[in-house]
Every structure is written in structure tokens, then in C-alpha cells.
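Here are some notes to read alongside the structure. Take the points one by one, and find each residue in the viewer as you go.

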Amino acid sequence: MRKIFALFTFTLILTSSSYAQALRDNYDIIIAGGGMGGIAAAIQASHMDMNVLIVEPSNMLGGQATAAGVSTMDDLSRKRSGLYREFMNRIEEYYSERGKSILTCYWNSGGSLEAAFEPFIGHRILSDMARGEDAPDILYHSEIIAVGSEKVIASNENGISDNLRINSVIIQTPNGKLNIACKVLIDATEYGDILPLAGADYRAGNSITPNVKRDTMMQDITWTAVMRKYPEGIPEHLKPKSPLPSYDHAKWNYERYVRKDGGNFEGTFPVKLPVNFAAHNAYRGLPDSFLPGNYDSSTWDQITKTSVNWGNDYPGYSMWNGKYGLPAAYLEDRTLRRRIERDALIKTLHFIYYVQNELHESWSVDENEYGELPYAAKDLPDEWKNIARHMPPIAYVRESRRVVGEHTLTSKELYENSQSYHDGHANNEIQNAIAVGRYVLDLHHSDTKEYIESELGENAEYIQKHKPVGDFQVPLDIMIPRSVDGLIAAEKNLSMSRIAAGALRLQPICMMTGQAAGALAAISVRENTQPRNVKAIHVQRELLNSGVVLSLCDYADVPEGHKFFGSIQLSNIYGIAEPKAYPKGDDEPGTFGVNEPVNDDDIAKMKERAEKIAGHAISLPALNNDMTKGEAVDMIIQAMEL
């Protein structure tokens, strides 16, 4: 049974539990952070018979999608798969049973995969997914404060290494400190906070250890809010009588975004500001479990719940010391981080006052969400604490520390990979792909030349020039630190440029890469080897067996569920067999020719390609004369895996 070591409550559905079972003194895998990446890693590794501990600083699972209140999924991919697909299927089932749509956001209900849910429902479903006999243990309200390691000299195909090897952590819990051993540690924190504790090289902004520049700028954060309409009038305890200090400046800011007489968004981009309140609510509209009826994003005037995540970026247009964005010191200096997050929280509280007193709308925070006063609200006046206790417990952090890995992913690679099967391009798939996602290269400020990583061949123009044209793949080696063993990066902490991170920081891809991190960690423990020595094809097979889609290529004759689907996915990735016809963009799948006969020459060519990829000879069983193309590919892929 899963062990939960802190009490947490929600108004609608009781999900609080407290168990007294003792923790282990050692775990196969410890995961710092129970966000979208962390919980996916934990579930995947637990399903592979690992004992797993999640250490989560807040009282919720789901990170940016729940605890930070960004529960409108930034999901442009057509390839939902694995644990993310299971999660979204459960979300849709929950609301469908109640006669409610989840297509309530982004002004569009036309069949988009973009979808929304209430944060407490997201947490509840993730908690349910993490239950069972093989479930991970979870420590809430806890944080890893130190990492133990030893220097290990080892030989590998690249020569002799003397890397640090992680072997334990010290955890600060509400009841004191714990020292627990582990074989693999995964950094799935919202800030990349484990990387410096583990002695790993990392990037912050456009600088790199050991010369991190604290004044280099990175993306804005947002302390979001979940607001709802109160048709019978706002309860008095959710209606502050006086504004907080600096409200006049906040009012000036919000008047740029939403006004009583603002325009009604007409479905063209960019959005012409300011918009009216109904159009504002349709951007991050959420389904509402507490009021009868149903709506979607096409019926704006009926939306009764929304997430406030637009004009409240911090510092936003107010800037930080005359610069757009936040300094990298936000990551490095905990005291400054607390100050910034307090100010970000207050900025959003100003919006609640603005809605009630300038727009005269009967809206306030949803008192059915959250319920625990965030640390950033501890010194607010009492009337504001009544509101702040229904604010998300953590800030929405768009940019974290990024590990320096065995490979660093750039925007150019994302763009070229996304061109596969589009506009005449053929296979440009990544051979060590472990996840598929899709998003634009989205940086919230700090997107000018001086803050981009020129040493990685990047420049500010690439934000538009290298915008992915379709789905893209994520490679395995950006999870693996170049100089520390027993450590895997997940969430937003992968080895990637700032621009590439603008596409990989969103909830869906964080969950997909998190699942891959869990598989990598589990195989590392199972094979008693370091993550860097695990073969990509072994991770890929585990993910394929868990329902993850890894290839960018769709075939009409090899749908999901086909007995050779996994092997043909790997054939695409490794270029083992040429299809009969490549896809033509997203809407016209190709044809593999799965049931067509092959001869000895065809098989010999496939075997030659496989051996070139594997770097050694592979042996095949005796061939029969009536083998199909699908059977041949499956046989060769199995030989490669061995």
C-alpha cells in the first residue's frame, strides 16, 4: 500500500490519508519532486518492480499542472500515449460521467487535444494512478537538502572515468531529517534543485557552472489562481475590503489585458488587447464540478471557472531592474526566490481585487480548491489570508536549472526532427528517442540576443525560425549528466538550450520524459549498471510495452495494437526497413507493407542496417520462405535488442 506521510485535504472529495508505516532505509530509486515528470517516473519504475520514494515539497502530486494551477494542457501533439494518455483518459472519463466537457480553454472547442481540468481532480487522478501493490512511497511537505556520493573509478568504452556516484540523500520532513540510501536519484524538481547538491554541471539562464552569472535573465514566473463565478454573490470572506500595497501599479498592468469595455476575441492571432472579461476567462477556462450545466470554450458567457495565467506573469512588463525576465539568482538564492514568489503571489491577488472592484464581476478564488496557506502568504493581512489559502501552493516556474548532459538538445535539432514526413521530408527520426511531444519555442521574456546561448549555436531569431512544424522526439542522452553517476534529470531539468526548453517545459512532454526517466532508472538498477551504460533500445522496448509511442511515422496498415507495432516503431527510428509509402504530413499516414512477402536479399539488407546501428554482428534464426515484412522486421529488432 502507498504510504503518505503528511495530511492534506480538499473540499469536494476527501483524498487525505495518513499512514504510520515506516519508510525503508534504502530505495532502488528516489525521486525529488512529484510533479508531472516525477510522478510519471515513479509509476513507471514501480511497475517495473522497483521500490520507489517520491519526495514532494508541496501537498499535491502534479507540479505545474496541479499544485501550480496550470491545468489547461498545452498539448499540440497528436500522439498522446503512455501514462499521459492514461491520465487524460481518466480526466475525460471523470467529466464525461458528469456531463461536462474538458474542451473549455484556448478559445477553441473544435476537436483540439488541448484540454482542461480542475487542479484537485488532476491531483486525485494522479494519486489513484499511483496506488496498488507496486505503488511508490510518498513524502509530502518534504525536501531533499543534501546528496551523498562517492568517487568511483571505472572503465568503459570511452576510457577511464572517475565520476561521482550518488548513493544517498538527506530529507527534511515536518518531523525531522531522514538519511536514506538509493541506487538512482532523479531530479524532477521544479527548479533543478538537486543538480547543485549532487555536484552536477548545469546551466542557469545562458550561463554554465562553475561560472553561473546571477544577473543573466531567464523567463518570468507566474503565481496563478483558480477563480470561479459566485452567482448568488461572493461570500464575504472571499471579498477583500481594501487593496494590498502597490495596487495602483497592478491596476495599470491589468487594464492592458482585460477591461469592462474590452474586445471580444474573434479567433485570430495575435489577440488584440484588451479583451473583455468573458474572453479572458475563455483563454484558460476550466470545467466546473460545482455548478450545474455544461459549457465549452465556444460558449464564453457560460464559463464559470478559469485559471488566471496571462497578465500576471512576474515581473512581466514591470521588469526586473529595468530588464525583462528574472535574474538567474532566482534559482541560486533561496532568500531572493522567496521574495520574488511572494511578490508574484501578491500580483495575482491584485487581479482578484481588480475583477471585483473595477470590472464589478461576482468572481473570486474557488474555495473548493487547495485550502492550505502558501508559504508566500504567511505575512499577509488576515482578510487576504482567507483568499490566499485557496491559491496554488507553488509558483508556476517556466525555466529551471538544466543539467549539462552527454548531449545538449538545440532548437535546430528539434526543428529538423519535426520536419520528418512533412513537405517532402522523409525520415529524420532520432535513434535514441524516448518521448514525442509538440509545442512552439515559447519563452516568456528574456528572449533577446544577449540572453540566448550563442555557444550552443543559438540566436534569438531561432525562436521563430526553428519553430517545430510537427511532432518532435526527445533523445535519451539529454537526461544523463556528463560527470555524475546514479543521477537522472527529468521535468524541465534536461540538457537543452534555453530555446529548446521553451518547447519541452510543458506538462504533457514533462510527463512523457518523466516516464522515460523512470524506465531508464529501473533498467539501470535491474542491470546493475549506470544509466549512461543502458542501451537506448532497452529503454525504448520498456516504453513501447507500456503503451508509449516513440516514432513520428504513422502507417495505415500498422495501427496501435498491431502485433508488430512496437518493432515497426523501432524500425522507423533506426531506419531498418523502408516503408512502401511515407506519410504526407499529419493527416495522411503512410503504408508500411506489413503483410507483403520478403526474400533473402531484403532480409540481408535489413540485417546489414541493423548491424551498422548496433556496431556488431547479430545472429538470426533460420529463415522460412514465406516470411512477411512485418515478421522480418520483428525478428531483426529482437536480435538487435539482444
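**Notes on strands, a helix and some charged pairs**

1. A word on terms: strands (E, at least two residues) and helices (H or I, at least four) are DSSP runs, numbered from the N terminus. Two strands pair if DSSP finds at least two bridges between them.

2. Before going on, please keep in mind that this is a predicted model, where local features need pLDDT of at least 70 and side-chain atom pairs count only at pLDDT 80 or more, while totals for chains, interfaces and linings use all residues. Residues are numbered from 1 along each chain as its sequence is written, and side-chain values use heavy atoms, with hydrogens and water left out.

3. Back to the sheet. Strand 9 (residues 202–204) and strand 10 run antiparallel and are joined by two bridges. If you look for alanine 204, you will find serine 207 of strand 10 opposite.

4. Is arginine 203 buried or exposed? Arginine 203 lies in strand 9 and counts as buried, because its relative accessibility is 6%. (Buried means under 20% relative accessible area, exposed over 50%, and partly exposed in between, with a 1.4 Å probe and protein chains only.) Leaving aside neighbours within four places in sequence, the contacts of arginine 203 (heavy atoms within 4.5 Å) include Ile208, Val404 and Leu456.

5. Which side chain makes a polar contact with the side chain of arginine 203? That of threonine 408, at 3.5 Å. A polar contact is a pair of N or O atoms within 3.5 Å; within protein, one must be able to donate a hydrogen and the other to accept it, and residues adjacent in sequence count only if both atoms are side-chain atoms.

6. Now the charged pairs. A salt bridge is a side-chain nitrogen of Lys or Arg within 4 Å of a carboxyl oxygen of Asp or Glu, and by this rule the count comes to 36. One of them joins the side chains of arginine 203 and glutamate 453 (3.9 Å, N to O). Arginine 203 is in strand 9 and glutamate 453 in the loop between strand 21 (433–437) and helix 11 (462–465), so this pair ties together parts that are 250 residues apart in sequence.

7. Glutamate 453 also meets arginine 402 in a salt bridge between their side chains (3.0 Å, N to O). Arginine 402 belongs to strand 20, so here the parts tied together are 51 residues apart in sequence. Both partners are buried: glutamate 453 has 1% relative accessibility, and arginine 402 has 1%.

8. Aspartate 261 is exposed, with a relative accessible area of 59%, and arginine 259 is partly exposed, at 33%.

9. With strand 23 (residues 484–485), strand 7 pairs in the parallel sense over two bridges.

10. Finally, helix 16 (600–614). Where do its buried residues lie? Ile603, Met606 and Ala610 are buried in helix 16. Seen down the helix axis, the buried residues fall within an arc of 65° (taken from the directions from the axis to the C-beta atoms), so they line one face of helix 16. In general, an α-helix has 3.6 residues a turn, so residues three or four places apart point the same way. The face turned away from the buried side carries the exposed residues Asp601, Glu608 and Lys612.

11. Look at the ends of helix 16 as well. Asparagine 599 caps the N-terminal end, with a side-chain oxygen 3.0 Å from the backbone nitrogen of aspartate 601. After the helix comes glycine 615, whose phi is positive, near 80°.
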